[in-house]
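This briefing concerns the arrangement of strands and helices in the structure shown below. Please read it alongside the sequence and the coordinates.

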Amino acid sequence: MTAIWAGIDAGKAHHHCVVIDETGKRLLSRRVANDEPELLQLLADVLALSDEAIWGIDLADGGAALLIDLLLGHGQHTLYIPGMAVNRASEGYRGAGKTDAKDAAIIADQARVRRDLHPLRPGDELVAELKILTVRRRDLIEDRTRVINRLRGHLTSIFPALERALDLTNSGPLVLLTGYQSPAAIRRAGTRRLETWLRNRKVRGADQLAQAAMAAADSQYTSVTGEKPTAQLVDTLAKEVKRLNEQVAGVDKLIEARFREHKHAEVITSMPGIGPLLGAEFVVATGGDMAPFGTPDRLAGFAGVAPAPRDSGKISGNLHRPKRYSRGLQRVFYTSALVSIRCCDESRRFYDRKRAEGKRHTQAVLALARRRVNVLWALLRDGRCYEAIPPVTAAA
């Protein structure tokens with residue numbers, strides 16, 4: 001029986017499926033609800049056309065998660081086609097309109113003609129849990145950043161000197177703002193009483209913080225219009241940032257505990273600059289399996305730390321930063337490279353050498369990140385931990 005290709009334009013409540021044969025002729029076009037009974041019926045109808053079906057889909061998670069698990073659970077070969085690739089490919093097909101049926105047909109045709117599409121594989125429960133936790137952590141960090149920005153804005157409107165004196169990413173200044181928000185309130189308390197108040201709440205460096213707050217208060221004697229309600233809002237926002245800090249710390253503990261259970265956790269964290277959090281992000285971005293990449297060069301390209309050529313005509317050797325890559329994986333390698341410069345002598349020497357060659361800071365860090373891809377690849381391949389000095393082989 002000849003092969004067929006099923007393209008699915010995935011959605012939140014419904015999916016649209018188009019099935020084509022080897023000539024591109026449509027054999028089936030159907031809109032199905034994102035419910036298990038209808039999806040199973042679609043699978044049965046497609047397999048009734050041919051036992052050899054190749055599926056293409058433009059989502060790898062989210063609303064398509066149920067469908068993907070059903071397909072993989074039934075042993076179906078499923079390819080992932082990014083939505084951006086479908087959008088660009090649509091320019092080469094007839095017609096200017098856009099419908100779910102047309103997108104599904106394009107996905108099916110792309111699955112038929114392309115040989116470079118990434119196949120989806122059954123998910124690892126540990127990797128899936130780490131993905132959920134890391135996404136949750138990112139959301140909390142973004143929420144905290146927004147609240148801190150609002151807190152800074154309101155504090156600047158009534159007490160700009162104190163806003164300049166405080167680092168609101170630390171817990172001590174947040175504790176201070178839950179009790180004192182205006183210059184007059186700080187002056188009434190006095191340095192010694194303020195220091196005692198902070199020490200009772202276990203704030204580190206209470207004496208320096210109290211002195212900085214008092215110096216700011218002594219520089220402003222004007223009470224700004226709307227100071228009282230704004231001060232109450234500053235108090236509320238400071239408590240909200242503290243709550244978010246506690247939630248982030250709790251998620252960090254969960255991520256570290258689950259990451260330690262991964263089979264490659266010890267190898268990954270042996271690399272200088274990679275701790276449990278970056279290690280978990282690496283596992284999430286790669287699926288914890290190097291086999292789909294094949295070579296370290298492909299992993300580097302996926303991570304966005306390898307330059308892409310842009311040659312045309314007589315112009316050759318023109319390299320530029322890639323546009324399509326995993327932002328999360330690039331963050332892992334770039335951030336860990338930055339950290340390793342401070343804690344690893346080998347990384348520092350490599351960075352200094354690139355700087356001496358005339359490369360800018362970012363270029364030197366990216367070059368180090370690219371080298372670290374090869375090192376981590378070799379460690380995972382051999383199943384051994386990183387060693388600063390390679391073991392000396394005894395002479396025969």
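How many bridges join strand E4 (residues 53-57) to strand E5 (residues 77-80), and do the strands run parallel or antiparallel? In this predicted model, 4 bridges link E4 with E5, and the two strands run parallel. Within this part of the sheet, Trp55 stands opposite Thr78 in E5.

**The sheet**

- The sheet is open and has 6 strands with mixed pairing, in the order E3-E2-E1-E4-E5-E6.
- Strand E3 (26-33) and strand E6 (118-119) form the edges; each has a single partner strand, so one side of each lacks a neighbour in the sheet.

**Helices on the sheet**

- Helix H2 (residues 65-73) packs on the sheet and touches strand E1 (4-9), strand E2 (14-20), E4 and E5.
- The direction of H2 makes about 160° with that of E4.
- Helix H4 (residues 100-113) lies across E1, E2, E3, E4 and E5, and H4 runs at about 140° to E1.

**The H11 and H13 pair**

- The axes of helix H11 (residues 227-259) and helix H13 (residues 276-286) come within 9 Å and cross at roughly 65°.
- The crossing in which H11 passes H13 is left-handed.
- On the H11 side, the contact is made by Asp252, Ile255, Glu256 and Phe259; H13 contributes Pro276, Leu277, Gly279, Ala280 and Val283.
- Sorted by class, the residues in the contact of H11 with H13 comprise 6 nonpolar, 1 polar and 2 charged.

Note on methods
Residues numbered from 1 in each chain as written. Predicted model: local features only at pLDDT ≥ 70, side-chain atom pairs only at ≥ 80, totals over all residues. Heavy atoms only, no water. Axes fitted to C-alpha atoms, helices over the stretch in contact; angles between N-to-C directions. Left-handed = near helix turned anticlockwise from the far one by under 90°. Contact = heavy atoms within 4.5 Å. Nonpolar A, V, L, I, M, F, W, Y, C, P; charged D, E, K, R; others polar. Pairing = 2+ DSSP bridges.
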